[in-house]
Amino acid sequence: RQMCIRDRPYPFYLASPVEIERIKQTPTTDWRLEYKWDGIRGQLIKRETGAYLWSRGEELVNHVFPEIIGMANNLPNNTVLDGEILCWQKDIGRPMPFASLQRRLGRKTVSKKLMEECPTIFMAYDILEHNTIDLRTCNLEGRVHLLQRLEEKFNHPCLIIDNEKIFVDWNELDNIRDQARLDGAEGLMIKKNDSFYLSGRKKGYWWKYKHDPMILDAVLIYAQAGTGKRANLFTDYTFALWDDSNKKSQDRKLVTFAKAYSGLNNAEIMELDRWIRSHTIERFGPTRVVEQKQVFEIAFEGVMESKRHKCGLAVRFPRIHRWRVDKPAMEADCIEQAQTMLKQNEY
């Protein structure tokens, strides 16, 4: 059947990084506090023709999450929900690590075994359409109230409504964010109670207040030219960690840890480009192997096990946080420190 425009998602509304001092000037009663979950953003649409689950990139992912589609087929027709797809431990009511969700992605079919090992739910936090009525110009408070009524009537284990976190003083915010980490969330969402559901990233109404990133000091080992306007500059970098924590060991080796291409300003990019050109020790096609001298603070949102990477780990959203010109390569971090972060990241 040809896809109808009504089967497609509404434009997604995106939160902005919090400007905490700005919102602290306003009453707490103006805002709704929710957890920011570390899953895949999605819109769940139910029409007479069936159910449709769309990712934020407007990719139809019905085949990847059949249990969510099975649930959605029983929703009232002409319902559109906004929320997060999560792998969920229903017995203890908390998410599984993001790596579990990754096992579901990119597959043409999902086996029964994989569904049992990595079960998913739809964590709904907004309703955009109900009984064919477009609710995006209704205020958030009213939309959430309607969403809660829907959940009470529907009562399905694959549909969970995100609960509001009650607070009366802005000084409580950091404690609630710390609790969010313990509960398996990646931070907080701060939403204006009277906000409409807009499109794109419009500031002032939805804010994300994430945990501070994880940080490790890594050594630059490879560089490649960028693309577009940066095609003539080396702006794509590969970083490594030591395989042994003993700084005095002469047998230590650097093991590839992460790639990053953002975080430096233009002046730093130009300076590093000149350094790379004058300190290249080997070339493999477009890749330059450089002297193991430059240390960079690499920030990332999470770490997980990975059989595809040499160090056995993969990180989420790596970027350069700081050029550590003050630090010699021998004082960079080691894989053991990343593995410690992995254990702390497991719930």
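Predicted model: local features only at pLDDT ≥ 70, side-chain atom pairs only at ≥ 80, totals over all residues.
Trainee: What does the protein contain in helices and strands?

Mentor: The protein has eight helices and 20 strands. Its C-alpha trace spans about 65 × 50 × 40 Å along the principal axes. Of its 347 residues, 50% are buried.

Trainee: Why is Leu53 called buried?

Mentor: Buried means under 20% relative accessible area. Leu53 has a relative accessible area of 0%, so Leu53 is buried. Leu53 sits in strand 4, residues 50–55.

Trainee: Which residues gather with Asp244 in a patch on the surface, and what charge does the patch have?

Mentor: Asp243, Asp251 and Glu336 gather with Asp244, and the patch is one of negative charge. Asp and Glu count as negative.

Trainee: How is strand 13 placed, mostly covered or mostly open?

Mentor: Strand 13 is mostly covered, with eight of its nine residues buried.

Trainee: What makes strand 13 a partner of strand 12 and of strand 14?

Mentor: Two strands pair if there are at least two bridges between them. Strand 12 (residues 214–225) and strand 13 have six bridges, in the antiparallel sense. Strand 13 and strand 14 also pair over six bridges in the antiparallel sense.

Trainee: Why are strand 1 and strand 2 called edge strands?

Mentor: Four strands form an open sheet with mixed pairing, in the order 1-11-10-2. Strand 1 (16–17) and strand 2 (31–35) each pair on one side only, and they are the edge strands. Within that order, strand 10 (residues 187–192) and strand 11 (residues 206–210) pair in the antiparallel sense over five bridges. Ile190 has Trp207 in strand 11 as its bridge partner.

Trainee: How do you know that Lys191 and Glu34 form a salt bridge?

Mentor: The rule asks for a side-chain nitrogen of Lys or Arg within 4 Å of a carboxyl oxygen of Asp or Glu. For Lys191 and Glu34 the N to O distance is 3.0 Å, and the two side chains meet in a salt bridge. Lys191 lies in strand 10 and Glu34 in strand 2, so the pair ties together parts that are 157 residues apart in sequence. Both Lys191 and Glu34 are buried.

Trainee: What makes Asp82 and Arg41 a salt bridge, and why are they called buried?

Mentor: The limit is 4 Å, and the closest N and O atoms of Asp82 and Arg41 are 2.8 Å apart. Asp82 is in strand 5 (residues 79–89) and Arg41 in strand 3 (residues 40–47), so their pair links parts 41 residues apart in sequence. Buried means under 20%. Asp82 is at 0% relative accessibility, so Asp82 counts as buried. Arg41 is at 13% relative accessibility, and therefore counts as buried.

Trainee: How many salt bridges does the rule give, and which residues are linked in a network?

Mentor: The count comes to 25 salt bridges. Asp217, Glu297, Arg322, Arg324, Asp326 and Lys327 are linked in a network of them.

Key. Residues numbered from 1 in each chain as written. Heavy atoms only, no water. Patch = residues over 30% accessible without salt bridge, like charges linked within 9 Å, V, L, I, M, F, W, Y side chains within 5 Å. Areas by Shrake-Rupley, 256 points an atom, 1.4 Å probe, with all protein chains shown as cover. Charge placed at Lys NZ, Arg CZ, Asp CG, Glu CD. Buried < 20%, exposed > 50% of the residue type's maximum accessible area, 1.4 Å probe, protein only. Helix = DSSP H or I, 4+ residues; strand = E, 2+ residues; numbered from the N terminus.
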